[in-house]
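Hi there,

Here is the structure I promised to pass on to you. Have a look at it first, and my notes on what turned up follow below.

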Amino acid sequence: MLPEEITGYELDKSVRQQLRTLSKDNAEGVARHLVAAAELLEENPEKALDHAQHAVSRAGRVPAAREALGLVLYRTGEYAEALREFRTARRLSGSDHLLPYMVDCERGLGRYERALELANSTEAQRLPEADNIELAIVVSGVRRDMGQARAAVVGLRLPALQKATTQPWAARLFYAYADALMDLGESDEAREWFVKAGEADRDGETDAGDRIDQIDGFELTDLTPDDEDEQDPRLAEIDLSEYGAVQPQRPEAISAEPTTEAYADAAANEHAVSDNIVESDAPEAESSGERSVPRATFDDGSSRG
């Protein structure tokens, strides 16, 4: 099912032009599936894959459709299949802009030498700046996988590294350089570049902020218990009775059936309470059956209850 709000006109003009080789109805359907695949890629990769495959089934010779399928497969870690789609898209379009993805697929498959060979090909040397930077980032990753930490750093010392500000690729380049420096043990310099990555990252593509915290010695902790029934261990050290609260008990600590002694204790308590009630002096809240419950104050000064 395709959402009604997707029209297909969300596609870039150059992609819609490729679809003009199809019939009008088919072109509109393929366009909508391509848009759906792009929109669902982050939140629901499986559905994105369904839409991309549907587009290819109806437009197998359209480069944009094969590229879209390749990108979905790439993002889901299906590198061999993604590489096949990228090769097909490249052959159909005659464009080399997918080379960085192809090199990264070879890296994902553990074929490092083949990845470097493709990165050093004549076609790769002709890539425009943005694609060339993406390729350099991938090659740096290949070098790191091969244990060549210094080569990974040197490979990113491009002229663009010094002139980059807020270009679409700037945050990724800064981040990759910082990451490579970390592998080399240069944490102080790496921190400077993580800061630059965070400043340039307007779309939240990287976790530069988290990496800075790690370098500074801050540790991110998930305070949510794995089991909802599991008590936070920090609460075990607090005597909650001071706040009028009852210490929680695990289910197994509570008897399923009250004992005879429990019934006797309850009856005795009830009798004792009734003997001590003075109707004329009872506060209004008690006469109405309400009880005042103290609020528990936490370390941050907030209260619950």
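**What I found**

Glu106 is buried, with a relative accessible area of 2% (buried means under 20% relative accessible area, exposed over 50%, and partly exposed in between, with a 1.4 Å probe and protein chains only). Before you read further, please note that this is a predicted model, in which local features need pLDDT of at least 70 and side-chain atom pairs count only at pLDDT 80 or more, while totals for chains, interfaces and linings use all residues. Residues are numbered from 1 along each chain as its sequence is written, and side-chain values use heavy atoms, with hydrogens and water left out.

**The chain overall**

The chain has 305 residues, and 31% of them are buried. It contains 16 helices and two strands; these are DSSP runs numbered from the N terminus, with helices being H or I of at least four residues and strands E of at least two. Of the contacts with a separation of 6 or more, 50% are between residues 24 or more positions apart (contact means heavy atoms within 4.5 Å).

**Salt bridges**

Side chains of opposite charge can pair when their charged atoms come close. How many salt bridges does the structure hold? The count is 15, where a salt bridge is a side-chain nitrogen of Lys or Arg within 4 Å of a carboxyl oxygen of Asp or Glu.

One of them joins Arg66 and Glu85, at 2.7 Å from N to O. Arg66 sits in helix H4 (residues 63-75) and Glu85 in helix H5 (residues 79-93), so this pair ties together parts that are 19 residues apart in sequence. Are these two residues buried or exposed? Arg66 counts as buried at 16% relative accessibility, and Glu85 is buried too, at 5%. Not counting residues up to four places away in sequence, Glu85 touches Arg66, Leu69, Gly70 and Leu73.

Asp96 and Arg90 form another salt bridge, at 3.0 Å from N to O. Asp96 is buried, with a relative accessible area of 18%.

Glu106, the residue I began with, pairs with Arg111 in a salt bridge of 2.7 Å, N to O. Arg111 counts as partly exposed at 30% relative accessibility.

**Helix packing**

For the angles below, axes are lines fitted to C-alpha atoms, for helices over the stretch in contact, and angles run from 0 to 180 degrees between N-to-C directions. Angles under 35 degrees count as roughly parallel, over 145 as roughly antiparallel, 65 to 115 as roughly perpendicular and the rest as oblique. A crossing is left-handed if the near helix is turned anticlockwise from the far one by less than a right angle, and right-handed if clockwise.

- **H2 and H3.** Helix H2 (residues 24-40) packs on helix H3 (residues 45-58) at about 155 degrees, with axes 8 Å apart, which makes H2 roughly antiparallel to H3. H2 passes H3 in a left-handed crossing. The contact involves residues including Val30, His33 and Leu34 of H2 and His51, Ala52 and Ala55 of H3. By class, its residues are nine nonpolar, five polar and three charged (Ala, Val, Leu, Ile, Met, Phe, Trp, Tyr, Cys and Pro count as nonpolar, Asp, Glu, Lys and Arg as charged, and the others, Gly among them, as polar).
- **H6 and H7.** Helix H6 (residues 99-108) and helix H7 (residues 112-119) pack at about 165 degrees, with axes 7 Å apart, and are therefore roughly antiparallel. Their crossing is left-handed. Leu99, Met102, Val103, Glu106 and Arg107 of H6 meet Tyr112, Arg114, Ala115, Leu118 and Ala119 of H7. This contact has seven nonpolar, no polar and three charged residues.
- **H12 and H14.** Helix H12 (residues 170-183) and helix H14 (residues 208-216) pack at about 25 degrees, with axes 12 Å apart, and are therefore roughly parallel. Their crossing is left-handed. Tyr175, Asp179 and Met182 of H12 make the contact with Ala208, Arg211 and Ile215 of H14.

**Around Arg191**

Arg191 lies in helix H13 (residues 187-200) and is partly exposed at 31% relative accessibility. Leaving aside neighbours within four places in sequence, Arg191 is in contact with Ile212, Ile215 and Asp216.

Best wishes
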